[in-house]
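Subject: The structure you asked about

Hi,

Here is the structure I promised to pass on.

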Amino acid sequence: MVNFTLNGLEVSVEKGTTLLEAADFYGIEIPTLCHDKGLSPYGACRLCLVEIGTPGRSRLVSSCTYQAREGLNVRTHSERVIKARKLLIEMYVALCPSSKVIQCLASKYHVTKVRFSPKHEDCILCGLCVRMCDEQMQAKAISFVNRGGRRLVSTPFAKKSEDCRLCGACIYICPACQTRCQGPQEENILCNACLNLEPPCLEKFEDVMCYMDPCVACELNTDKKPNK
Amino acid sequence: MGLRTNPKACYRSYMKVDLTKIDQIINQIIDKYKDDEDVPYISILQDINDEYRYLPEEALYRVSQKMEVSMSHLYSLATFYKCFSLVPKGEHEIQVCMGTACHVRGASRILEKVTRDLQVKPGKTSENGKFSLETVNCVGACAQGPLVVFDGKYVGKLTLNKIEKMLGGNHEKDNKTS
């Protein structure tokens with residue numbers, strides 16, 4: 001077992017556990033775009049970054065690829081982390097404004113403006129579909145092609161692949177394929193339709209009780225603690 | 001496998017896609033690396049690329065069948081590395097350095113001259129299949145600038161006259177051999 005500090009809590013996890021898994025186990029939510037439990041960690045989206053080390057000498061690492069070590073001081077929601085994460089979300093919104101997953105993240109993390117020009121890409125190169133096809137479906141029909149700015153996901157020679165079984169797992173897992181809900185607002189880069197939703201705990205308690213999503217704890221406890 | 005800077009490989013005459021050659025290469029490689037856990041796909045592709053001066057689609061399929069590796073993995077390798085080409089390359093490869101030092105010393109004029117003389121655009125192969133022209137950003141020999149890498153040989157301190165000599169000489173060589 002490895003003992004370390006997670007947001008001030010003394011926690012212990014098994015050796016080889018990544019920080020993301022540890023945080024997930026202790027109920028701390030870290031946003032990700034390129035991580036899935038059934039697939040190998042990839043560290044592409046950088047949204048899962050956390051701050052490690054003592055304040056003043058800390059650094060940001062991607063928690064999905066960083067394994068927990070003895071005596072580590074991890075902060076998943078420090079000021080520096082939130083600032084970096086918000087900037088990343090802002091860039092993702094500019095890159096792919098049509099994605100529901102990204103728009104919901106923007107609302108959740110209170111990203112209210114986008115300072116970058118919209119690119120309207122179809123793909124954020126998270127690699128989920130490539131890993132899904134390879135590791136779970138065992139088909140290996142698609143892969144990354146080219147490099148740098150010309151990188152994209154494609155089948156060999158952009159032809160219909162013989163390895164593809166048309167299972168649709170790549171579309172199922174794609175965070176950019178799910179189109180955003182537009183609602184009554186006029187079309188904008190940033191949706192922010194869910195921004196005004198308050199945490200449900202505030203209706204019943206004076207303080208936000210948890211950071212879980214969806215929050216079920218306070219709904220269970222409604223008849224026990226009607227303090228307000 | 002080490003660096004592949006065998007200039008002779010570039011002088012081979014153009015070949016039709018012959019799959020028996022690929023089988024030979026694959027068999028050689030399998031013998032060479034049969035104890036390794038990681039199969040050196042890149043080495044195989046490099047050998048094929050040396051042989052044909054590009055990676056024919058049929059060759060990739062053959063490798064994927066023989067080595068039991070996915071086609072998508074090979075294609076991803078072939079498109080990632082600059083040393084691989086999926087379209088046939090010319091007999092001679094010319095790389096014109098466009099780095100800062102060479103640029104200051106007139107690399108753009110050199111490039112213009114080469115483009116005009118050989119009727120090739122940068123990144124393309126001439127119609128007769130003799131020359132492939134590429135621009136590169138720095139080859140690390142800035143003191144020699146302006147610089148052209150001709151079939152792996154560095155030709156430095158170029159002037160327009162020297163270029164003519166270099167290309168002219170090779171034209172003659174081509175006439176003799178063909």
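Let's start with a helix pair in chain B: Tyr41(B), Ile42(B) and Leu45(B) of H2(B) are in contact with His73(B), Leu74(B), Leu77(B) and Ala78(B) of H4(B). Contact here means heavy atoms within 4.5 Å, and helices (H or I, at least four residues) and strands (E, at least two) are DSSP runs numbered from the N terminus. Sorted by class, the residues of this contact of H2(B) with H4(B) are 6 nonpolar, 1 polar and no charged. For those classes, Ala, Val, Leu, Ile, Met, Phe, Trp, Tyr, Cys and Pro count as nonpolar, Asp, Glu, Lys and Arg as charged, and the others, Gly among them, as polar.

A word on where this comes from: it is a predicted model, in which local features need pLDDT of at least 70 and side-chain atom pairs count only at pLDDT 80 or more, while totals for chains, interfaces and linings use all residues. Residues are numbered from 1 along each chain as its sequence is written, chains are lettered from A and ligands numbered from 1 in the order in which they are written, and side-chain values use heavy atoms, with hydrogens and water left out.

Back to that pair. The axes of H2(B) and H4(B) come within 11 Å and cross at roughly 65°; axes are lines fitted to C-alpha atoms, for helices over the stretch in contact, and angles run from 0 to 180 degrees between N-to-C directions. The crossing of H2(B) and H4(B) is right-handed (left-handed if the near helix is turned anticlockwise from the far one by less than a right angle, right-handed if clockwise).

H2(B) itself covers residues 41–52, and its 12 residues reach 17 Å from first C-alpha to last, close to the 16 Å expected at 1.5 Å a residue. The expected span is 1.5 Å times one less than the number of residues. Is H2(B) mostly covered or mostly open? Mostly covered, with 10 of its 12 residues buried, where buried means under 20% relative accessible area, exposed over 50%, and partly exposed in between (1.4 Å probe, protein chains only). Among the buried ones are Ile44(B), Asp47(B), Ile48(B) and Glu51(B). The helices that they and the other buried residues of H2(B) pack against are H1 (19–32), H3 (57–66) and H4 (71–80) of chain B.

On the H1(B) side you'll find Lys21(B), Ile22(B), Ile25(B), Ile26(B) and Ile29(B), which meet Ser43(B), Ile44(B), Asp47(B), Ile48(B), Glu51(B) and Tyr52(B) of H2(B). The contact of H1(B) with H2(B) has 7 nonpolar, 1 polar and 3 charged residues.

For chain B as a whole, there are 7 helices and 4 strands, running α-α-α-α-β-α-α-β-β-β-α from the N terminus. It has 178 residues, 44% of them buried. Of its contacts between residues at least 6 apart in sequence, 64% join residues at least 24 apart.

Now chain A. Helix H2(A), residues 79–95, has 17 residues and reaches 24 Å, close to the expected 24 Å. Its buried residues include Val81(A), Leu88(A), Ile89(A) and Tyr92(A), and the cover over its buried residues includes S3, S4, S5 and helix H3 (100–108) of chain A. H2(A) and H3(A) have axes that come within 9 Å and cross at roughly 145°, in a left-handed crossing. Ile89(A), Tyr92(A) and Val93(A) of H2(A) make this contact with Ile102(A), Gln103(A), Leu105(A) and Ala106(A) of H3(A).

Two serines in chain A are worth a look too. Ser63(A) sits in the loop between strands S4 (59–62) and S5 (73–75) and is buried, at 0% relative accessible area. Ser40(A), in the loop between helix H1 (19–25) and strand S3 (49–52), is partly exposed at 29%. The side chains of Ser40(A) and Glu135(A) are joined by a polar contact of 2.6 Å (a pair of N or O atoms within 3.5 Å; within protein, one must be able to donate a hydrogen and the other to accept it, and residues adjacent in sequence count only if both atoms are side-chain atoms).

Cheers
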